[in-house]
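Student: I am new to this structure and would like a close look at a single part of it. Please take one residue and describe its surroundings.

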Amino acid sequence: MGSQLRLGEVLRSARNRDPSVPFIDGYPNIHHVTASRVLAQIQLSKGINPIAKVRAVGEWRRPAVLIRSSPWKAGTDETPWHDLFDLDNGRVRYFGDHRVDHTVPVGSTQGNAVMLEVLAEHQAVTPEERALAVPLLVFEAVSRNKTPKGYVKFCGVAVIEREKQIEQEAGGRTFPNYRYDLSVLDLSAEDDQVDWAWIEARGSAKVSVDDTLALAPSSWRRWVEHGHAALPELRRQATPPTGGRISNHSDPENDRSPLTLFPAPRGKDAAAASSIAATGMLEDLTAGMLMAKLQSLKVHQRNGRRSRHKPLALMWAISRVATEKPHQAPWRQFREEAGGLLAEFGHPDSP
């Protein structure tokens, strides 16, 4: 007991799940770090991985839910959505597991059902109810040893701030899904670590909820005490404002946090580039900066006339983001949807 999950640490999640092996391929074995005499072995095979509930001291509680995002799968038929990570400002936008080929009602797939259950607990109005709420442990798949599979980076502990039922698209077909806005909590008081003993205690039938809180990060305990009203001060933030107070806009729909609209280019370093683009390591994008970038957009010119294909393509891409459609699309789909605009507004000699 007592192993630590360290913020930003990359762990090996291999087929070899032997918890007695400390390292695999040069990286800490996640099944060694999370080995437990109380809990069943954790799973990270899916995006949403709940640990089974236990009946502890008169109440049912779930020790944790492990969330994994796989950027290298984003835009595929299997995973048409693009999770957005802005860890410098303590925000993650995560999509549920309903897919285009599912025939069951939205919200009834295993992952969404668990997340909606967690949401209800996170929206509890009293500290006593929030004390039973499930912590989300967030991981992001990263590329190591020339493969994007089998390596995850620990991104922190999160609560669900809000959800929204949305329409998404895959293979030219729309389907419903859920989108969850997560607040990632500040762990600086614990030197950016989470004690796995906390999760073990939550899974022990002999440990009271008050005793589990004694092992929780201080930001989690403060959230239990004060609820969502305290999140502006409890979110992780890379550079707190002057005075040390951590504050953010409470509504990610209207704030200026740099949630990336478009995925990073795919290539040899695609996973690393995607991580940089999504975690806020790029400059914060305000409305004024966006307008300046649009005004400085380099546009092809021929015979003294500006071509219009790039502005039209940008407008088409923005419309997809605004309507919750996948950020990437095959050339054939762009040609079908924007070809009429190019024919009507483009110049005859434009590329």
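With which side chain does the side chain of Arg61 make a polar contact?

Tutor: The model is a predicted one. The side chain of Arg61 makes a polar contact with the side chain of Glu59, at 3.3 Å. Arg61 itself belongs to strand E7, which covers residues 59–61. Arg61 counts as buried because its relative accessible area is 1%, under the 20% cut-off.

The neighbours of Arg61 come next. Leaving aside residues up to four places away in sequence, Arg61 touches Lys53, Val54 and Ala56, and also Ala201, Arg202, Ser204, Val207, Ser208, Val209 and Thr212. For a distance along the chain, take Ala131: it is 70 residues from Arg61 in sequence, and the two C-alpha atoms are separated by 9.9 Å.

The largest has 34 residues, of which Leu5, Leu137, Phe139 and Trp220 touch the most other members. Among the elements that each supply at least two residues of this core are helix H4 (196–202) and helix H5 (209–213). Strand E12 gives the largest share, 4 residues. Another core, of 21 residues, lies apart from it and includes Val118, Ala158, Ile160 and Tyr180.

Conventions:
Residues numbered from 1 in each chain as written. Predicted model: local features only at pLDDT ≥ 70, side-chain atom pairs only at ≥ 80, totals over all residues. Heavy atoms only, no water. Core = buried A, V, L, I, M, F, W, Y, C linked by side-chain atoms within 4.5 Å. Buried < 20%, exposed > 50% of the residue type's maximum accessible area, 1.4 Å probe, protein only. Contact = heavy atoms within 4.5 Å. Polar contact = N/O pair within 3.5 Å; in protein donor to acceptor, adjacent residues only side chain to side chain.
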